[in-house]
Amino acid sequence: MTCLDRRDLGLLLLRLGTGGVLAAHGAQKLFGWFGGHGLEGTGQFMESVGYAPGKASATAAGLAEAGGGTLLALGLATPAAGAAAAGAMAGAATVHMPNGFFAQEGGYEYAASLGLAAAGLAVTGPGRLSLDHALGHVFDRGWMVPAALGLTAAATAVVIGARNQRLRAKREGEQEALFEE
């Protein structure tokens, strides 16, 4: 067995950081931990930004973040974990996109960074300091990367597309004042 290299240590740190942050965000949505609003509050928010039904959307986002983040941190089922987390972050980035890029203005910078890190881990793999490596990569086969990312991209496109249609329909139902009073 060769000794561990910098790449394995770097991947471990990236997995722990990215996965830990994602897991905490998911726990906010699912359980109301860390100052979160739980499924009820998050569901109401999701509904207000066009993801319906809100509680189901909050559950899906929370599971993708908490589950994907936990699995990423452990280095287990890395392609599926990274893809799920990246899909959740694409949905979050869509909500923040009207505010521009930078997070200080409410933009999508943070969600995009987490999503890209998760997708990068799905592609790169977890390294040797992982459960995937310890288990002989039974949940981290080469074919799983394009399958997980492709399925997640398709599902994410459907969910975001449906959200955008709901928002357009809502705007079309609202009429602007013709004259100022």
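Helices in this report are DSSP runs of at least four residues, numbered from the N terminus. The model described here is predicted.

**Helix H5**

H5 comprises 16 residues and spans 22 Å between its first and last C-alpha, close to the 22 Å expected at 1.5 Å a residue. Buried positions in H5 are Ala 111, Leu 114, Gly 115, Ala 117, Ala 118, Leu 121 and Ala 122. Viewed down the helix axis, these buried residues fall within an arc of 160°, so they line one face of H5. An α-helix has 3.6 residues a turn, so residues three or four places apart point the same way. The buried residues of H5 pack against H1, H3, H4 and H7. On the face turned away from the buried side, H5 carries the exposed residues Leu 116 and Val 123. Just after H5, Gly 125 adopts a positive phi of about 100°.

**The largest pocket**

The largest pocket has a volume of about 880 Å³. Its lining is formed by 36 residues, of which Lys 29, Met 46, Ala 61, Glu 65 and Ala 88 are the closest to the pocket centre. The elements that each give two or more residues to this lining are H1 (6-31), H2 (38-48), H3 (54-74), H4 (78-96), H5 (109-124) and H7 (144-173). H4 contributes the most, with 8 residues. The composition of the lining by class is tabulated below.

| Class of lining residue | Number in the largest pocket |
|---|---|
| Nonpolar | 19 residues |
| Polar | 14 residues |

Definitions and conventions. Residues are numbered from 1 along each chain as its sequence is written. This is a predicted model: local features need pLDDT of at least 70, side-chain atom pairs count only at pLDDT 80 or more; totals for chains, interfaces and linings use all residues. Side-chain values use heavy atoms; hydrogens and water are left out. On a 1 Å grid over the protein atoms alone, a cavity is a set of points where a 1.4 Å probe fits but cannot get out, and a pocket is an open set with protein on both sides within 12 Å along at least five of seven lines; lining residues have an atom within 4 Å of a point. Grid points are joined across faces, edges and corners, and a volume is the space filled by probe spheres set on the points. Ala, Val, Leu, Ile, Met, Phe, Trp, Tyr, Cys and Pro count as nonpolar, Asp, Glu, Lys and Arg as charged, and the others, Gly among them, as polar. The expected span of a helix is 1.5 Å times one less than its number of residues. Buried means under 20% relative accessible area, exposed over 50%, partly exposed in between (1.4 Å probe, protein chains only). The arc is that of the directions from the helix axis to the C-beta atoms. Contact means heavy atoms within 4.5 Å.
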